[in-house]
Amino acid sequence: MSDKKSTGIGFFEKYLSLWVVLCMVVGILIGKFTPAIPEFLEQFEYANVSMPIAILIWIMIYPMMMKVDFKSIKNVGKDLKGLYVTWVVNWLIKPFTMFGIASFFFFVVFKAIIPADLAKDYLAGVVLLGAAPCTAMVFVWSHLTKGNPAYTVVQVATNDLIILIAFTPIVAFLLGVSGVQVPWDTLILSVVLFVVIPLVAGVLTRISVIKNKGEEYFTKSFIPKFNNITVVGLLLTLIIIFSFQGDVILENPLHILLIAIPLTIQTFLTFFIAYLASKALKLQHNVAAPAAMIGASNFFELSVAVAIALFGPTSPVALATIVGVLVEVPVMLTLVKIANNTRHWFPQPSAETIKNKK
């Protein structure tokens, strides 16, 4: 069996790190030298959510949602350990380790470089990131690690419900600020756009194609047609995001590096806590990998929107959340590689599980 067949990694995915870097550069250059483009795209915004980015994320997620077999979701209830790992790491560990690590670096290690007031603002930004586990991009990471799509949907859906309840009090507690206001329209719209719509569309497409052409055609002919769409959607999304923030990034190169250090450490820490806990619980890899990815990555759409809504688009708080976007993709691609290379740590999936994730 060829390497491509055994890993499922195609041309775009094999060199994804290179494409990501190129897209970041292209996006920053567009924002710097052709600002009319991002200014035009910024007109299509509702509730602090960019509609062009939302559409591209929808394009990314839709092919993966077609793999979700609702008949297999009922099997999630037979083994809830993967959900327990996700919930504990995301809500009882990650926000507080993020606060601790960032505080140590901003107020101790970088004390001579970052003024105290600025450090406080940067801390607020990273706390917003730490309190919002990933909703949209985790489907990409799950896809790249051959995660169980049905289980991943449940993991993400339950985290979305918890965000509604826990995000505000956790942020308020960690920042010592009473009355932190979350733009609920942004939160709800993000959940609808990034989870509900693509899930419904994907499931309806699956049902329709299987009904008309059969499951074998759907699995072997229809789904492969969309193999590169997810990656292309990711790359176009990055170009737009960084075209919006090109000036900010170019004007703060040193501080961006300083903010990126604790964010990177936190991402690796959260991943390995969840991943090793999953290994100890003997979870299958297609559940363990997405569980670790959800906690490691961030709901940066929400974090950036809240930072802008509360502190303004040019604030240091917003800059810190933007660095989260800058750091996340390269770091998460590294974790994807680690997860794929350690698949043998976990029990081999049964024939039924393999069928469900196709």
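Reply: The chain has 19 helices and two strands, and the model is a predicted one.

Ser297 is located in the loop between α16 (285-296) and α17 (300-311). Is Ser297 buried or exposed? Its relative accessible area is 0%. Since buried means under 20% relative accessible area, Ser297 therefore counts as buried.

What lies around Ser297? Leaving aside residues up to four places away in sequence, Ser297 touches Lys94, Ala132, Pro133, Cys134, Trp141, Glu328 and Met332. There is also a polar contact with the backbone: a polar atom of the Ser297 side chain lies 2.6 Å from the backbone oxygen of Met293.

Lys282 is found in the loop between α15 (253-280) and α16. The relative accessible area of Lys282 is 63%, so this residue is exposed. Lys146 belongs to the loop between α9 (138-144) and α10 (149-175). With a relative accessibility of 27%, Lys146 is partly exposed.

Most residues other than glycine have a negative phi. Lys282, however, has a positive phi near 60 degrees. Lys146 likewise is not a glycine, yet its phi is positive, at about 60 degrees.

A further detail concerns charged side chains. Side chains of opposite charge can pair when their charged atoms come close. The side chains of Lys220 and Glu216 form a salt bridge, with 3.5 Å from N to O. The count of salt bridges comes to one. Both partners belong to helix α12 (residues 215-222), where they stand four residues apart, about one turn of the helix. Lys220 and Glu216 are both exposed, whereas Ser297 is buried.

Finally, the chain as a whole gives the setting for these details. Of its 358 residues, 55% are buried, and Ser297 is one of the buried residues. Among contacts between residues at least 6 apart in sequence, 86% join residues at least 24 apart. The accessible surface of the chain is about 15700 Å², and carbon and sulfur atoms account for 69% of that area.

Key
Residues are numbered from 1 along each chain as its sequence is written. This is a predicted model: local features need pLDDT of at least 70, side-chain atom pairs count only at pLDDT 80 or more; totals for chains, interfaces and linings use all residues. Side-chain values use heavy atoms; hydrogens and water are left out. A salt bridge is a side-chain nitrogen of Lys or Arg within 4 Å of a carboxyl oxygen of Asp or Glu. Buried means under 20% relative accessible area, exposed over 50%, partly exposed in between (1.4 Å probe, protein chains only). Contact means heavy atoms within 4.5 Å. Accessible areas come from the Shrake-Rupley method with a 1.4 Å probe; for residues, only the protein chains shown count as cover. A polar contact is a pair of N or O atoms within 3.5 Å; within protein, one must be able to donate a hydrogen and the other to accept it, and residues adjacent in sequence count only if both atoms are side-chain atoms.
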